[in-house]
Amino acid sequence: MNEVSDKSNDDKPVDNLGTIWHRGKQYRKGYTTGSCATAAARVAALMILRQQIIHQISIVTPSGVTLALNVEQPLIEGQQAVAAIRKDGGDDVDATHGMLIFARVSLNDSGVITLDGGEGIGRVTRVGVGLPIGWAAINKTPRHTIEEGVREAIGPNRGADIVIFAPEGEERAKQTYNDRLGIKGGISIIGTTGIVMPMSEESWKRSLALELETKRASGLDRIIFVPGNHGERFVSQQLGIDANYVVTMSNFVGYMLQEAVRLEFRHVMLVGHVGKLVKIAAGIFHTHSHIADGRMETLIANLALMGAPFELIQAVDQCDTTEAAIELIAEQGWQAVHQQIARKICGRIDQMLRFAKGKPQCDAILFSFDNQVLGCNRPVEEIVKDFMEGCR
């Protein structure tokens, strides 16, 4: 596939993502705002270098999928260019579906690449979202892919100032949770894989179960469930366990645990950010926020049972994110609550599967945004050792 095309494709939408099939119905995949920003920045840089309008650009997403995307509203002004990519969520339509994500790139001789957000991109105003206060809400993976894409285009010696903007962003953000998370003034540029999977629950659950069946058929009898890609990276980088043992469970914790029992897995490890897994300690086995939340309430209840001061409990109650609560808990020395929560997660799972035959051994490891182990039901070294010995 050619990297760029100078031929207009405005009337011919690009769709090279593929689909998921379930019960005779086709579900189309999409691509993230992060992929849009990356493609827009890369093509803007290339247009400056070539002094030529480009109408199509291809990028390789973090998941390895190559996207060929149509470029809209391209403009070159000397050593500056602007380009836009239209977000397409596939059959997972969200608040940003169909909007234009722009990048403005200015080249210079500094050798340094800078990245910021402009109109319609939110600003971080509170701790807890994994970015410093005051930064544009462009998450870590998109930041890396945007900068990498521009660096590949301009070479090692040139510098570039990149601004991502979205004129519709402030209005569209009203349909998101950004305001509750302390992200003000616009949307977030997000995405860990670059691809949006269609979230029809039945088709998505079945596709996850199919992966689990494939693992079992290959001879594996122990598995690690993670909510998403952050968990998968943690398993390989921090625990040193091969990613082949990892399966994404998304929000479908109960369903995937039952599938693991059906397939006779002997050891199941749950690894994820505390903000997702803490819900299981309250007996919530579908962890999407539209089903149930209870994160702060679960933290508060367990802190109270441990005898934490009322002032800390009140402060945690005012937190908008679990990451912010983690900081408060650590400041006052009550980190042991995370071990208690990990043990309760395993207890809840044991209770849910109490009538199952051949229940698997279960362990839980909770981590923070900065990839630190916060809590586990037993020492993490012991969990990893047991898991790996069983793999031999």
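I took buried to mean under 20% relative accessible area, exposed over 50% and partly exposed in between (1.4 Å probe, protein chains only). I took helices (H or I, at least four residues) and strands (E, at least two) as DSSP runs, numbered from the N terminus.

The model is predicted: local features need pLDDT of at least 70, side-chain atom pairs count only at pLDDT 80 or more, and totals for chains, interfaces and linings use all residues. Residues are numbered from 1 along each chain as its sequence is written, and side-chain values use heavy atoms, with hydrogens and water left out.

Entry on α7. I found helix α7 (residues 253-262) mostly covered, with 7 of its 10 residues buried. I listed the buried residues as Val253, Gly254, Met256, Leu257, Glu259, Ala260 and Val261. After α7 comes Glu264, with a positive phi near 65°.

Entry on the domains. I read domain 1 (19-196) and domain 2 (201-389) from the domain assignment, whose bounds come from an automatic or database source. Their centres, taken over C-alpha atoms, are 31 Å apart. To the contact (heavy atoms within 4.5 Å), domain 1 gives 15 residues and domain 2 gives 13 residues.

Entry on the interface. I noted about 1,100 Å² of area buried between domain 1 and domain 2, 55% of it from carbon and sulfur atoms; this is the accessible area (1.4 Å probe) that two parts lose on being put together, summed over both. I found 1 salt bridge across this interface (a side-chain nitrogen of Lys or Arg within 4 Å of a carboxyl oxygen of Asp or Glu). On the side of domain 1 that touches domain 2, β2 (19-22), α2 (140-154) and α4 (178-181) each give two or more residues.
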